[in-house]
Amino acid sequence: MTSFISDIWDTLAISSAMVALTVVIHFIGLAYLINMIRQREPNGTQLKDHLSKQVFSIILVVFGIFAIHSCEIWIYAAVYYYGLQALPDFETALYYSTVTFVTLGYGDVILPRDWRLVGAIEAANGVILLGWSTAFLITVIGRLRALEHDWLDQRGE
């Protein structure tokens, strides 16, 4: 019983640290993307320039979100392979982390019993971070659409 309690606390400590780290990375990454978008806001010149800035901003956000998630997945993979030594090679750890983070869960690669709760918490973490990213992307697109309407309203005056 003592071994179980000690093992569960180790697992929860590692999982909690990973959730905290990935949430901070996510927050910083999204804040950086917001800053980049603000620098590219339209200056009220031509519609063609305005639309190209919108397209560029959306592409920037999509690739930025993808990069943020990739970073988080790679960190989990590094923990599985280097920290926990739970998987035989880094490629397997990266594959497992990706499939788990996006909650695809093929089940062809599994963690040892001692660490499988870390994988389950990664899946929950991934769902939350993917949802956060989706909400962020929709907000960015909505804001860009609102800017377009503001620009068109000013043009009609």
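The model is predicted, so local features need pLDDT of at least 70 and side-chain atom pairs count only at pLDDT 80 or more, while totals for chains, interfaces and linings use all residues. Residues are numbered from 1 along each chain as its sequence is written, and side-chain values use heavy atoms, with hydrogens and water left out.

**The whole chain**

Display the chain as a cartoon. It contains 4 helices and 0 strands, in the order α-α-α-α along the sequence. Helices (H or I, at least four residues) and strands (E, at least two) are DSSP runs, numbered from the N terminus. Of the 157 residues, 34% are buried. A contact means heavy atoms within 4.5 Å; among contacts with a separation of 6 or more, 68% join residues 24 or more positions apart. The accessible surface is about 9500 Å², and carbon and sulfur atoms hold 66% of that surface. Such areas come from the Shrake-Rupley method with a 1.4 Å probe; for residues, only the protein chains shown count as cover.

Leu117 lies in helix 4.

Next select Ser15, found in helix 1. Ser15 is buried, at 2% relative accessible area. Leaving aside residues up to four places away in sequence, Ser15 touches Leu117, Val118 and Ile121. Move on to Ser16, in helix 1 (residues 2-39), which is partly exposed at 45%. The C-alpha atoms of Ser16 and Asn125 are 10.0 Å apart, although 109 residues separate the two in sequence.

**The aromatic rings**

Now show the aromatic side chains. Rings of Phe, Tyr and Trp (its six-membered ring) pair if their centres lie within 6.5 Å; planes under 30 degrees apart count as stacked, over 60 as edge-to-face and the rest as tilted. There are 6 aromatic pairs by this rule. In one of them, the ring centres of Trp74 and Phe90 are 5.4 Å apart and the planes meet at 50 degrees, so the pair is tilted. Trp74 belongs to helix 2 (residues 47-83) and Phe90 to helix 3 (residues 90-101), 16 residues apart. Trp74 is partly exposed at 47%. Ring pairs join Trp74, Tyr81, Tyr82 and Phe90 into a cluster.

**Two loop residues**

Finish with the backbone. Most residues other than glycine have a negative phi. Gln85, in the loop between helix 2 and helix 3, has a positive phi near 50 degrees and is exposed at 66%. Thr103, in the loop between helix 3 and helix 4 (116-156), has a positive phi near 55 degrees and is partly exposed at 42%.

Methods. Buried < 20%, exposed > 50% of the residue type's maximum accessible area, 1.4 Å probe, protein only.
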